[in-house]
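Good morning, and thank you for coming.

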Amino acid sequence: MPAILAIESSCDETSASVCVDGAILSNVIANQTIHEAYGGVVPELASRVHQQNIVPAVQQALFNAKVSKNDIDAVAFTRGPGLLGSLLVGVSFAKAFALARQIPLIEVNHMQAHILAHFIAEKKPSFPFICLTVSGGHTQIVLVKDYFDMEVIGQTLDDAAGEAMDKTSKILGLPYPGGPLIDKNARSGNPDAYKFPEPQIPGFDFSFSGLKTSILYFIRDNVAANPNFIKENMNDICASVERRIATILISKLKKAADEYGIKDVALAGGVSANTGLRNLLTETGEKNGWNVFIPKFEYCTDNAAMIAIAGYHKYLKGEFIGQDVAPLARMPF
Ligand code: KG4
Ligand code: ZN
């Protein structure tokens, strides 16, 4: 019955979770609103806010789970990838906790954890499955052969899908983070109102920088003709951009599922919270006889529950790490 305390601090969410015997008992997420004023995450500020939030987040996670710190058997933490200063806060906390309690430490790869979040739910994918992982920093198609045996078979050559969402929202004058706002506006818009180009990239790779440029020019030209263009057409623009990003992602996912002959298809990462993307995946899955796995909203964006479930499966394998571990801004699988 291992009780695991998990810490996530790779970007701008400070999160702590308690997992007992593979069941998530708490998942506390402290969002950092300070970055809104800057239109993006400011790494230096993120580290400082993690420093302020980490102890209260852990205390709350233990309280919500009704578990005493004395009953924790291991500490799992995000080692990378992420912002180094942010990671350092979580890694240092995890080390100190483990040292004080004389319990083992478990390192977790943040991108693997987004995928392993699917093992929190009752309905779990079976190996091998394909996962489209879409976040603010990554866009990957991953062939998941086992819990920790994953192969990236496609990825973005430039911007991530979340970045494309956030940059579009910036062009539209929406506050940061823009992804959720594009989603909200898109719900009342027509996704076929405007046609943005689909990049022609070979294999399972993606590119979003051309799309970003075409959106920029499209807005610039239309605003030159009508200064109220954005205001008058906000919902249609958001719906059309969202639809294009979703079709780019899902067409590559389908290509991968077809070529590998895989029917269990999953979605992960912050952008998997997007309604248009979730709907398109569900529709495509129905047409192709896939078993589709979409995480609960709470487990889409950054959270420590996914670190806890990944940590639990490493605990079962006896995979621990020493106190000399350091965070990694880049961390391949
Ligand atoms: O995985 P995540 O929380 O953090 C990273 O590891 O990057 O992903 C954050 C990204 C941001 O780009 C954010 O705009 C996007 O996920 N996002 C969304 C939605 N919710 C979050 N994008 C579109 N629609 C959403 N509902
Ligand atoms: Zn993430």
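**A buried histidine and its surroundings**

H114 counts as buried because 31 C-beta neighbours lie inside 10 Å; the term requires 20 or more other C-beta atoms within 10 Å of the residue's own, with 12 or fewer called exposed, anything in between partly exposed, and C-beta atoms placed from the backbone. Please note that this is a predicted model, in which local features need pLDDT of at least 70, side-chain atom pairs count only at pLDDT 80 or more, and totals for chains, interfaces and linings use all residues. Residues are numbered from 1 along each chain as its sequence is written, while chains are lettered from A and ligands numbered from 1 in the order in which they are written.

H114 sits in helix α3, residues 110–116; helices (H or I, at least four residues) and strands (E, at least two) are DSSP runs, numbered from the N terminus. Leaving aside neighbours within four places in sequence, H114 is in contact (C-beta atoms, placed from the backbone, within 7 Å) with residues including T133 and A268.

What does the UniProt annotation "binding site" cover? In this unreviewed entry, it covers H110, H114 and D302; UniProt positions follow the numbering used here, feature names are shortened, and annotations may be inferred rather than shown by experiment. These residues span 193 residues in sequence, yet no two of their C-alpha atoms are more than 8.8 Å apart, so they gather at one spot.

D302 lies in the loop between β10 and α9 (305–317). D302 is also buried, because it has 26 C-beta neighbours inside 10 Å.

How values were computed: Two residues are in contact if their C-beta atoms, placed from the backbone, lie within 7 Å.
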